[in-house]
Each structure stands twice: as structure tokens, then as C-alpha cells.
Amino acid sequence: MNRSNIEWTEVTWNPTTGCTKISPGCKYCYAERWAKMQQKRGIAQYKNGFQLSLAPNRLFDPMRWKRPSKVFVNSMSDLFHEDIQEPYINRIFQIMNQTPIHQFQILTKRIDRVVGLSKSLCWSDNIWLGVSVESEDEAGRIDLLKRSSAQIKFVSFEPLLGDISYNNYYGLSWIVVGGESGGRARKVEKEWVLKIRDNCKRQNIPFFFKQWGKRIFNPDLSDPTLVKAHPLYAKGGCMIDGQVYKEFPTK
């Protein structure tokens with residue numbers, strides 16, 4: 001079981017690794033950096049670096065995990081990448097359907113492909129489907145997400161790179177927001193975060209603020225979550241006006 005440091009999940013499951021970039025949020029992809037590090041370390045699953053690769057030997061991992069967990073599916077890839085064949089995607093869904101003790105969290109930028117496949121997949125209620133939206137230009141992904149058959153639908157505004165005017169969260173179960181991290185991280189503005197938070201409050205949508213990304217992006221340098229010893233430490237801190245938002249779907 002691969003325990004995760006990602007605040008909104010518990011473990012990761014990567015039956016595929018590697019991806020290709022399709023929008024501005026991909027520019028400084030953490031998964032690409034991590035895959036290349038693992039390749040240098042000689043880890044067999046990353047022998048191809050960040051080239052898309054299937055890992056059928058990892059398919060049955062969730063069936064061996066006895067502790068109920070939130071499972072981030074393909075943290076190192078995109079399950080709906082155009083080069084992953086439909087039968088392999090179906091097999092992954094079958095594993096998720098057969099392990100109801102876990103909650104599987106899928107996050108994709110390729111939501112158009114999901115819509116095309118959605119009716120052929122079994123969306124058991126333990127499968128969450130999310131889309132990444134980094135700016136207003138990608139907000140149309142949210143409308144496509146709403147057309148999917150997933151029972152729990154969420155949006156990850158991470159890395160949040162601009163002001164998002166899209167504010168119709170009807171049909172969504174959860175919103176995650178985070179600033180970009182890493183040496184070349186692009187700045188997130190507080191006003192962008194507050195707009196999304198306030199929309200969630202008005203529409204009664206659970207709101208999860210992951211991080212500011214870098215210390216210099218945090219408007220409150222007295223934020224205690226900037227300190228690594230803090231139990232809620234996050235990159236750049238995670239408080240908004242002295243409050244931590246770590247809400248999860250309630251349905």
C-alpha cells in the first residue's frame with residue numbers, strides 16, 4: 001500500500017504511469033518530476049520515465065488492502081489518456097467495483113473521453129470522478145463532468161492559475177483548491193481562492209483548500225501551518241484568514 005502525502009487522499013494506486021501534457025496546468029507536472037527521479041533510482045515501474053506505461057501487475061493491489069481507504073487512482077498518470085485502451089480501463093473499473101470497502105478518487109483532464117465511455121462503465125458509488133481546472137479556459141470541463149454517470153463528481157482547481165468566473169456548482173459534490181508548488185511555481189492570488197470558497201458556501205458544496213503552494217504566496221506569514229512541525233502543515237501553508245478548510249463530500 002502506497003501511503004500518500006496528498007492531503008485529500010490516503011493511498012495511491014497506479015495501474016498506469018506516465019502521461020502527456022495537454023493544458024497550462026501540466027507545465028510543471030509533479031508526476032513527471034517524480035517519475036524521472038524514480039527512473040534514475042532504477043525503480044522497475046518507471047523504467048520508461050514519464051512515457052505512458054501500463055502496469056498490469058498492480059491491477060489487483062486494492063484487493064489486497066484490508067483497511068478501507070480513500071484511493072487516488074493514477075496519481076502518476078491519467079486513466080483516460082487516449083493511448084490507454086478501453087478494455088484496460090474496463091478492467092480497472094471492475095477492480096474498483098469489486099472492492100467497495102475503498103473510495104476511489106479519479107482525477108482527469110480528459111473528461112471528453114470520459115463522456116464517450118461513461119455509459120459503458122459501471123459507476124459504483126465508491127468511485128469519485130473529478131476534473132482538473134486550472135483557469136477559466138478549462139472551465140468547460142466542468143460541464144462535461146456533469147454529463148458523466150459518476151455519483152460523486154468533484155473539481156480540483158489545482159494548480160489555480162487564474163480567476164475563475166464559472167460559478168454553477170449544481171450537481172457537484174466537492175471542490176478542491178490549491179496553489180502550485182515547486183521551484184518554478186506560478187502565483188495564486190487570494191481573491192481567486194476566496195471567490196471559489198464563497199461560491200461553495202452559497203451553494204452548500206464541501207470546500208477543501210489544500211495549500212498556497214509556496215511561502216511567498218501565502219498572504220499571512222504568521223500562518224502556523226507554514227511550520228513543518230504543525231500537524232496540518234502544507235506547502236506554503238493552508239489557512240485562509242486563520243481558518244483551515246478540509247471538507248469532504250457528504251453524499
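These are my notebook entries on a predicted model of a protein, from the whole chain down to single residues.

**Ground rules**

I number residues from 1 along each chain as its sequence is written. The model is predicted, so I ask for pLDDT of at least 70 for local features and 80 or more for side-chain atom pairs, while totals for chains, interfaces and linings use all residues; side-chain values use heavy atoms, with hydrogens and water left out.

**Whole chain**

I looked up the secondary structure first. The protein has six helices and 12 strands. Both are DSSP runs numbered from the N terminus: helices are H or I with at least four residues, strands are E with at least two.

I then checked the overall dimensions. The C-alpha trace spans about 50 × 45 × 35 Å along its principal axes. The radius of gyration is 18 Å, which agrees with the value near 18 Å for a compact globule of 251 residues. I took the radius over C-alpha atoms, and the globule rule is 2.2 Å times the number of residues to the power 0.38.

Next came burial. Of the 251 residues, 55% count as buried. Buried means under 20% relative accessible area, exposed means over 50%, and partly exposed lies in between (1.4 Å probe, protein chains only).

I also looked up the surface. The accessible area is about 11800 Å², and carbon and sulfur atoms hold 50% of that. The method is Shrake-Rupley with a 1.4 Å probe; for residues, only the protein chains shown count as cover.

Contacts were next, meaning heavy atoms within 4.5 Å. Among contacts with a separation of 6 or more, 71% join residues 24 or more positions apart.

The protein has 37 positive and 25 negative charges, and their mean positions are 6 Å apart. Lys and Arg count as positive, Asp and Glu as negative; His and the chain ends are not counted. Each charge is placed at NZ of Lys, CZ of Arg, CG of Asp or CD of Glu.

**Helix H1 and its end**

H1 covers residues 30-40, with Ala31, Glu32, Ala35 and Gln38 buried. The buried residues fall within an arc of 130° seen down the axis, so they line one face of H1. The arc is that of the directions from the helix axis to the C-beta atoms. An α-helix has 3.6 residues a turn, so residues three or four places apart point the same way.

I picked glutamine 38 from this helix. Its relative accessibility is 8%, so glutamine 38 counts as buried. Beyond its neighbours within four places in sequence, glutamine 38 contacts Ile43 and Tyr46. Glycine 42 follows H1 and has a positive phi, near 85°.

Asparagine 97 lies in helix H3, residues 86-97. At 24% relative accessibility, asparagine 97 is partly exposed. Leaving out residues up to four places away, asparagine 97 touches Cys122, Ser124 and Ile127. I also looked up its distance to glutamate 191: 94 residues in sequence, 40 Å between C-alpha atoms.

Asparagine 126 sits in the loop between helix H4 (111-117) and strand S7 (127-132). I find asparagine 126 buried, at 5% relative accessible area. Its contacts, not counting residues up to four places away, are Met96, Thr99, Pro100, His102, Gln103 and Phe104.

**Threonine 225**

Threonine 225 is in the loop between strand S10 (207-211) and strand S11 (239-240). Threonine 225 has a relative accessible area of 0% and is buried. Its contacts beyond four places in sequence include His230, Leu232, Tyr233 and Cys238. From threonine 225 to cysteine 238 I count 13 residues in sequence and 6.1 Å C-alpha to C-alpha.

**Backbone checks**

I looked up a cis peptide bond. Glutamate 158 and proline 159 are joined by one, with omega about -5°. Proline 159 lies in the loop between strand S8 (152-157) and strand S9 (174-178).

I then looked up positive phi at residues other than glycine. Asparagine 74 has a phi of about 60°. Asparagine 74 is in the loop between strand S5 (70-73) and H3, and is buried at 1% relative accessible area. Asparagine 204 has a phi of about 55°. Asparagine 204 is in the loop between helix H6 (190-203) and S10, and is exposed at 70% relative accessible area.
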